[in-house]
2 protein chains.
Amino acid sequence: MRDPSAASGPPSFVHLSRLAPAGATLVIEGDEAHYLSRVVRVRAGETVRASDGGGGVATLEVLAVTPRVEVRVASREQRVRSAELEIWCGAPEGERADWMIEKLAELGAARLLPLQAERGAWNKLEARRERWERLAIAAMRQSLSPWRLEVLPPATLDAMLARADRAGARWLCQPGGGSPPGPGVATGTTIAVVGPSSGFSDAELKRLREQGFTDVGLSSRRLRTETAALAIAALWACAGPSADTEASGGAGLS
Amino acid sequence: MRDPSAASGPPSFVHLSRLAPAGATLVIEGDEAHYLSRVVRVRAGETVRASDGGGGVATLEVLAVTPRVEVRVASREQRVRSAELEIWCGAPEGERADWMIEKLAELGAARLLPLQAERGAWNKLEARRERWERLAIAAMRQSLSPWRLEVLPPATLDAMLARADRAGARWLCQPGGGSPPGPGVATGTTIAVVGPSSGFSDAELKRLREQGFTDVGLSSRRLRTETAALAIAALWACAGPSADTEASGGAGLS
């Protein structure tokens with residue numbers, strides 16, 4: 001079925017790990033070529049949009065579909081992000097990280113840092129990173145965003161705290177915490193920390209609060225790790241910048 | 001492994017479809033008995049909490065674990081909900097409804113109404129309802145809530161609009177919409193409408209807006225159906241009532 005957004009919404013949007021300068025020709029292969037040739041069914045002469053996942057966006061003119069897709073870079077620009085969300089997250093249970101990553105990517109989180117907490121370790125991370133990369137790229141395409149969720153290697157709280165200074169806002173997602181800021185206030189880097197499925201230890205909570213992390217309550221209910229991460233990303237998406245994606249063209253989805 | 005919440009958090013919490021009056025004895029079987037006897041490992045003399053999913057909550061004294069669990073109802077009360085969220089949702093793609101239902105239940109949505117939209121139909125619903133019921137009960141136990149997400153049979157927009165009058169707030173989740181209300185403002189019934197994966201038709205949008213639904217923008221990105229539903233539930237959870245669950249006892253999760 002032809003992608004309905006191709007008819008009425010913004011042009012098709014793909015991820016290319018490297019964007020050539022304007023004027024250059026490129027050959028697109030693999031998943032993105034399949035998406036263009038089989039799902040969206042682009043034809044020679046049509047225009048598509050592409051991003052490198054790092055804010056670089058380009059308009060591509062399709063030269064040939066074989067089913068590899070040959071394109072010429074018609075124009076290229078670099079976007080700058082005015083606000084970004086970084087999530088330090090303890091391990092959720094089982095395979096729940098997979099869809100958490102998809103949803104964090106769709107909601108526009110910049111980075112996920114898997115946090116090795118006292119009461120919960122991330123396991124088999126290397127085997128899952130390739131899958132997460134694919135999910136993050138698919139979500140980026142879906143959400144028409146020029147930025148791709150970056151999943152960093154797992155680290156301890158000590159290592160993460162060494163990078164807390166960069167953040168303007170520091171949120172500790174914790175039951176009973178205060179209300180997070182309302183819409184329109186997210187600027188710079190916000191770090192949100194979510195505990196593992198068994199929760200943070202008292203010592204971990206103390207260290208985070210000493211480093212300026214403020215308790216933020218997301219619900220009167222007890223949320224799973226992945227649900228809390230997703231909820232804070234949804235709140236941030238609603239409070240965040242409004243003009244950094246391709247979606248303003250009016251896709252059918254909310 | 002013993003549930004860590006049993007040691008430091010609130011007492012174990014189970015779902016019972018019918019709660020007997022105080023003083024009566026009950027035999028718990030099936031999934032909930034398994035949870036109590038194998039996961040939490042309750043013992044005779046201990047106390048657990050239970051809910052019927054409709055605001056009824058009880059304290060139960062464990063009499064015997066065989067592994068069926070015999071209990072005596074020590075006390076029983078009925079909670080009243082001051083605010084509730086009802087979601088009218090077009091069909092997401094594939095199996096994405098499963099985890100959407102789990103997350104809506106965890107975040108405390110009251111009802112999900114599968115909306116048969118012009119551009120998207122819910123399929124094989126009957127075969128999935130039993131699974132959804134189990135997911136909603138598990139999420140209720142997890143989130144320590146006395147209310148269970150209710151999943152209604154699928155219906156057309158016409159049928160749903162006939163029940164719109166009950167709602168104080170009516171949100172149409174749509175790209176480019178205004179900011180949803182901030183924390184602390186959710187009272188009464190809020191209805192949030194989310195389009196199917198191919199979006200609402202112009203005619204559907206017109207009808208919803210004529211019935212008082214206000215466009216609410218959740219993100220500058222294009223969100224999938226299930227992501228939009230989850231995002232609005234997260235915003236509502238943050239804006240909603242704070243004292244209607246068991247979680248105030250201080251579980252380790254946010």
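Select helix H3 (residues 96-106) and helix H7 (residues 225-239) of chain B, whose axes come within 10 Å and cross at roughly 0°. Helices here are DSSP runs of H or I with at least four residues, strands are runs of E with at least two, and both are numbered from the N terminus. Axes are lines fitted to C-alpha atoms, for helices over the stretch in contact, and angles run from 0 to 180 degrees between N-to-C directions. The crossing makes H3(B) roughly parallel to H7(B), a term for angles under 35 degrees; over 145 counts as roughly antiparallel, 65 to 115 as roughly perpendicular and the rest as oblique.

Show the side chains next. From H3(B), the contact is made by Arg96(B), Trp99(B), Met100(B), Lys103(B) and Leu104(B); from H7(B), Glu226(B), Ala229(B), Leu230(B) and Ala233(B) take part. Contact means heavy atoms within 4.5 Å. Six of the residues in this contact of H3(B) with H7(B) are nonpolar, none polar and three charged. In this division Ala, Val, Leu, Ile, Met, Phe, Trp, Tyr, Cys and Pro count as nonpolar, Asp, Glu, Lys and Arg as charged, and the others, Gly among them, as polar.

The model is predicted: local features need pLDDT of at least 70, side-chain atom pairs count only at pLDDT 80 or more, and totals for chains, interfaces and linings use all residues. Residues are numbered from 1 along each chain as its sequence is written, chains are lettered from A and ligands numbered from 1 in the order in which they are written, and side-chain values use heavy atoms, with hydrogens and water left out.

Remain in chain B and select its open sheet of five strands, ordered S1-S3-S4-S5-S2 with mixed pairing. Strands pair if DSSP finds at least two bridges between them. Strand S1 (13-15) and strand S2 (25-28) of chain B stand at the edges with a single partner strand each, so one side of each has no neighbour in the sheet. From one strand to the next, the twist averages 40°. Within the sheet, strand S3 (residues 47-51) and strand S4 (residues 56-65) of chain B run antiparallel and are joined by five bridges; Ser51(B) stands opposite Val57(B) in S4(B).

Helix H2 (residues 30-39) of chain B lies across S1, S2, S3, S4 and strand S5 (69-78) of chain B, at about 165° to S1(B). Helix H4 (residues 125-143) of chain B lies across S1 and S3 of chain B, at about 155° to S1(B).

Move to chain A, which has seven helices and 12 strands. Select strand S4 (residues 56-65) of chain A and S5(A), an antiparallel pair with nine bridges. The two form a hairpin with three residues between them, and Val57(A) stands opposite Glu77(A) in S5(A). Strand S2 (residues 25-28) of chain A also pairs with strand S5 (residues 69-78) of chain A, antiparallel over four bridges; here Ile28(A) stands opposite Val69(A) in S5(A).

Finally, colour chain A by pLDDT, the predictor's confidence in each residue from 0 to 100. The chain averages 87, and 88% of its residues score at least 70. Confidence is lowest in helix H1 (residues 4-8) of chain A, at a mean of 41, and highest in helix H6 (residues 202-210) of chain A, at 97. Residues 1-8 of chain A stay under 50, and residues 248-254 of chain A are also below 50. Where pLDDT is low, the predicted coordinates should not be read in detail.
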